[in-house]
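Please read the notes below with the model open beside you. Each point takes up one topic and gives the cut-offs for its terms.

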Amino acid sequence: MPEPPKKDETATAQPQVWSLGESQPPEELEKPIETPPLSTLLIEKPVSGMVSVGGDITFVAKVEAKDLLRKPTVKWFKGKWMDLASKTGKHLQLKETFDRNTKIHTFEMQIIKAKENYAGNYRCEVSYKDKFDSCSFDLEVKETGGSQSIDIRSAFKRSTEGQDDAGELDFSALLKHREYKPQDDTPEVDVWEILKNARPDEYEKIAFMYGITDLRGLLRRMKKIPKEEKKSEAFAKKLEPAYQVDKGGKIRLVVDLTDPTVDLKWYKNGQEIRPSPKYIFEHKGTQRILVINNCGMNDDAAYSVAAGDEKCSTELFVKELPVKIVKGLEPVATTVNERIELECEVTEEGAPVKWMKNGVEVPTGVRSRYRVKCEGTKHFLVIDDASLEDTGTYSIMASGGSSEARVKVDLKPLKIHQDLEDTKVMLGKPLKLRCEISPGNVAGRWYRNGQLIQENDRITITHKHKVHELSIESTSLHDSGDYTFVPDGYSQSLSAKVHVIDPPKVHLEGLNFVDNTVTVVAGNKLRLEIPISGEPAPKVVWMKGERVILESGNRVRAETYVDQTSLTIDITEREDTGNYKLVLQNEAGEASAHIKLKVVDIPDTPEAPLVPVIGGDWCTMTWEAPKYDGGSPILGYYIERKKKQSSRWMRINFDLIKETTYEPKKMIEGVPYEVRLFAVNAIGVSKPSEPSKPFTPLAVTSEPTMLVVDDVTDTSVTIKWRPPETIGAAGLDGYLVEYCLEGSDEWVPANTELIDKTRYTITGMKPDTKVFIRVKAINAAGASAPRTTQHAILVKEVIEPPKIRVPRHLKQTYTRRVGETVNLVVPFMGKPRPKVSWLKDGQPIDPAHVSIRNTDCDSIIFIRKAERSHSGKYQMKVQVENHVDSAEIDIQIIDLPGPPQIVTIEDVWGENVSLSWTAPRDNGNAAITGYTIQKADKKTMEWYTCIEHYHRTSIAITELVVGNEYYFRVYSENMCGLSESATQTRKSALIVKEDMKMKIFEFNDHDFNEAPKFTQPLINTFGIAGYNTTLNCSVRAHPKPKVTWMKNKIIIGDDPRYRMFSNQGVCTLEIRKPSPYDGGMYTCRAINDLGEAQVECKLEVKGGFTFYELMQRGVPLHLIDKYMTETKVVEQDE
């Protein structure tokens, strides 16, 4: 930032003409010229400076605030008129600071990242009231050096990336793409010099000659090259950049020519200036001078001078002098309706001024009360008709000063010619109040009891000259009171009293009493308020018959207030019913009214209700109406019920019951209940009646279920059934079975007494007859609805082929230990009673060892204490006439095994002993599952277990102690447990410490490769439509086979209805919600490099779909037809 000049240098500097450029020394002029006064505000001015492109620079101006009451106004300009306050942003910032110690205001203008177009002339203006100061300075922006050394041909090659800065000098791009190139010995060509010396129309030709493709970027770069300013040939000294002169002053514009013979022309805003008394041309040697006399604001313009082909220009700023007040305003004191004229004189004719009242500008429009006129240097403010509002402080403001004066407007004295008079008027008659005062143009306001009276349709307020009147067309009681008239602006007032009188009246029409009858509930308090009117207040008398009701009464009394009277009865009784008379009297007249009082009550308590009919969860109740309805008709009844053991009553109905019968429902069966009722009229609800007698809801059971025929013989029919679904609280006492011959309506009881079982045999029937049978459930509430057989039953025995139903656990070998009990039950079917026979291994069973007991439906084999001799295959045969069915049961009785036969020490080496033994002779009738080997030191002979559940017959015992001698023994084991004794080695094994030699055995690697083989095949399966079905099988193969599922020889692909799993050789196919269409033959095929294998099964899906459902699922028509045909065939087969 440039340094500002020091204070002492500025103070001693030679006075000069103030301008934005270099000033004109006075000694160079022929005669002295007017010079503006030195700065009176700026103590430090901004100084011209220079900055490089992209750099920052700050200009500082300082103002001393010792004699200033407030902060001065500072404006920064560029050129003549551009105000920089609106240009602030990221490139321009204006700052203001104040130092309280030195009392100096500091104003800064900071230019950030300067550009070339920021160069030019700037101006700083400071103003405070009538003081003004300004200073101009220049800013020069220079381009950074070094651009001439850039390779123009490579810098202005157009970018292939299409960036926004194409054509600019991008040195980073040059660095990125820099490659080593061998030096060229050819001399370099300075393209910049060629372009500078060439004409603009040759730029394109030169660019293409030297390989410059970005012509547009080249032209922008050429514009940025600073041009060398040529020295003027016509002017030895040009005009200053700017001049300033006061309004009315004189200014001289001087140029110095190199050739005095050159023709010279002066221009103002581009128009040539002709000689005149205002513009005078002077010649002094080589100097040419333009003198402008009596400068005005229209002379503030741009001036230029042309000498031949050359021209130079400048700007002239005309500073307007402040307008001062010569003669100030004088204070004025007057009264209302008078004329006010304020006068002021200024230094300049026609100067603009501003009139103010109490600090607010006075409106001077066409409709304004204020008139403003100007006569030369005198200015006037006129108010033709003064009012109290015109009182205040008036001021006039000019650019160079102001003046103010106080204006006071007072009222004229008030005179009363006719005062207001007190008035008495009848209600509804007109009222007029009148008074007369002066001055006559004074308005006023009317008040009643201190409240302002507004004019309306009924009230009229008039003012004519000195007379003021208030007229009321039709008076009301509210019009009574004290009336006051207050003239505007005066403290005096006129008053009078108005009294409105009215005869008494009783207002019953607003009480909505039908036939003037008042109804009240007995026992309640009655307060009958009757509005009354009358002015003055009337005297009130209440009477019932000939008896006067006094205000001092206890239960019945009368009370009177200003606008109403009341009759009060604290507790109403039936005797209070009757006619009442109300009499009003005052000086204006008399009035009376008749009122009828009716006292009503709630109904009497009803009698206890009766419950004649009782159901399962309901009953029927009846009752009689109460003897007295309380003076109001019975509207209905409320009913409540409760459990007998409870004290909480519950209301049944929320809507009134009009009748005297009702059927309560939703009661709990078997629980005793009581009911009661309430009578309701318009007054209220009566007291509850006495509870009814307790009753218990009971219901018969529902009908028995699932009645079927169990057996039929030539003389009997056996039936069975299931208990009723609903039994109820009354329980179930038993069943009654009845039958009826076909063609008859007579039902004959089969059992005389109730039976508890759900199976019964009717005997004594005639063969070949057809009967219907029904069953009833009986309880305390009666018999239920009967359950009857759907068809007639033929009394004739039916032959049923025998069928043995072997339990699932007997389909495999039935195993028991010796000494346990064997009790097997094998059910069978067949009619008539089948013959049962048993064989063991084809031989009859000895009853002494095995007990057999046969019934109608099963056969029992019982062995109290099983022995191994009871093991074997038992054949059961069931025969009904020529029909035979058989079954076989395998029973295995097992025992503990015997010990191994021989235990031998095969070898001893190191700390190891090799043992071998032979299987036991007796395996206990069960397979040997393992062996237990134990060892014992010869010294202690304490046995320790080496290994348990060992499956082989040879073993190597390791980790034996060197130096010890061992015996070994072996126990055999089957599913019953270990043998009772063990076989011991005859010899002992001595563990001797010796050199260890490892015996290397040759092992052949086992070949695990195997072609696929299904270890568990698929099984024919039935599925239910709509429920997921799975097919499972297991396969063994190495390497791992590829598993493929097929349906009807067609491979199942990625159908979402199928899910396929394979885990550890177990293959699973899941069919999601199958339909009959999914039935068929399913195949699982496994393939590897060694071969393939497959298994298949048949899947049948039961519970089919209709033709419409299959169509909705999108099944093709030919498949739907095939499915419907197969379904019919299956139904016919079934």
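Is cysteine 295 buried or exposed?

1. Cysteines. Cysteine 295 is buried, with a relative accessible area of 1%. Buried means under 20% relative accessible area, exposed means over 50%, and partly exposed is in between, with a 1.4 Å probe and protein chains only. Cysteine 857, at 44%, is partly exposed. The structure holds zero disulfides, a disulfide being a pair of cysteine sulfur atoms within 2.5 Å.

2. Basis of the values. This is a predicted model, in which local features need pLDDT of at least 70 and side-chain atom pairs count only at pLDDT 80 or more, while totals for chains, interfaces and linings use all residues. Residues are numbered from 1 along each chain as its sequence is written, and side-chain values use heavy atoms, with hydrogens and water left out.

3. Aromatic pairs. A pair of aromatic rings is described by the distance of the centres and the angle of the planes. Rings of Phe, Tyr and Trp (its six-membered ring) pair if their centres lie within 6.5 Å; planes under 30 degrees apart count as stacked, over 60 as edge-to-face and the rest as tilted. By this rule the count is 10 aromatic pairs. One of them is stacked: tyrosine 122 and phenylalanine 137, with 5.8 Å centre to centre and 10 degrees between the planes. This pair links distant parts of the chain, 15 residues apart, with tyrosine 122 in strand 8 (residues 120-128) and phenylalanine 137 in strand 9 (residues 131-142). Strands (E, at least two residues) and helices (H or I, at least four) are DSSP runs, numbered from the N terminus. Both tyrosine 122 and phenylalanine 137 are buried. Together with Phe59 and Trp76, Tyr122 and Phe137 form one aromatic cluster.

4. Charges over rings. Which ring does the charged end of arginine 774 sit over? That ring belongs to tryptophan 747, and the distance from its centre is 4.2 Å. Lysine 373 lies over the face of phenylalanine 380, at 5.1 Å from the ring centre. The rule for a charge over a ring is that NZ of Lys or CZ of Arg is within 6 Å of the ring centre and within 35 degrees of the ring normal.

5. Salt bridges. How many salt bridges does the structure hold? The total is 41 salt bridges, each a side-chain nitrogen of Lys or Arg within 4 Å of a carboxyl oxygen of Asp or Glu. In one of them, glutamate 343 is joined to lysine 378, and the closest N and O atoms are 3.7 Å apart. Glutamate 343 lies in strand 21 (residues 340-346) and lysine 378 in strand 25 (residues 378-383), so the bridge ties together parts that are 35 residues apart in sequence. Glutamate 343 is partly exposed at 26% relative accessible area, and lysine 378 is partly exposed at 34%.

6. Arginine 557 and aspartate 570 meet through their side chains in a salt bridge of 3.1 Å, N to O. Arginine 557 is in strand 41 (residues 556-560), whereas aspartate 570 is in the loop between strand 42 (564-569) and strand 43 (578-586), 13 residues apart. Arginine 557 counts as buried at 18% relative accessibility, while aspartate 570 is partly exposed at 28%. A further salt bridge, at 3.2 Å from N to O, is made by the side chains of arginine 1036 and glutamate 1010. Here the two parts are 26 residues apart: arginine 1036 is in strand 80 (residues 1029-1038) and glutamate 1010 in strand 78 (residues 1010-1016). Salt bridges that share partners join Arg527, Glu529, Arg557, Glu559 and Asp570 into one network.

7. A five-stranded sheet. Strands of a sheet pair through backbone hydrogen bonds, either parallel or antiparallel. Two strands count as paired if DSSP finds at least two bridges between them. Five strands form an open sheet with mixed pairing, in the order 11-18-17-13-14. Strand 11 (242-246) and strand 14 (271-272) are the edge strands, each pairing on one side only. Strand 13 (residues 264-268) and strand 17 (residues 302-307) run antiparallel and are joined by five bridges. Lysine 268 stands opposite tyrosine 303 in strand 17.

8. Glutamate 820. This residue lies in the loop between strand 61 (814-817) and strand 62 (822-831). Glutamate 820 is partly exposed at 34% relative accessibility. Its C-alpha atom is separated by 5.5 Å from that of lysine 865, 45 residues apart along the chain. Not counting residues up to four places away in sequence, glutamate 820 touches Ile863, Arg864, Lys865 and Ala866, where contact means heavy atoms within 4.5 Å.
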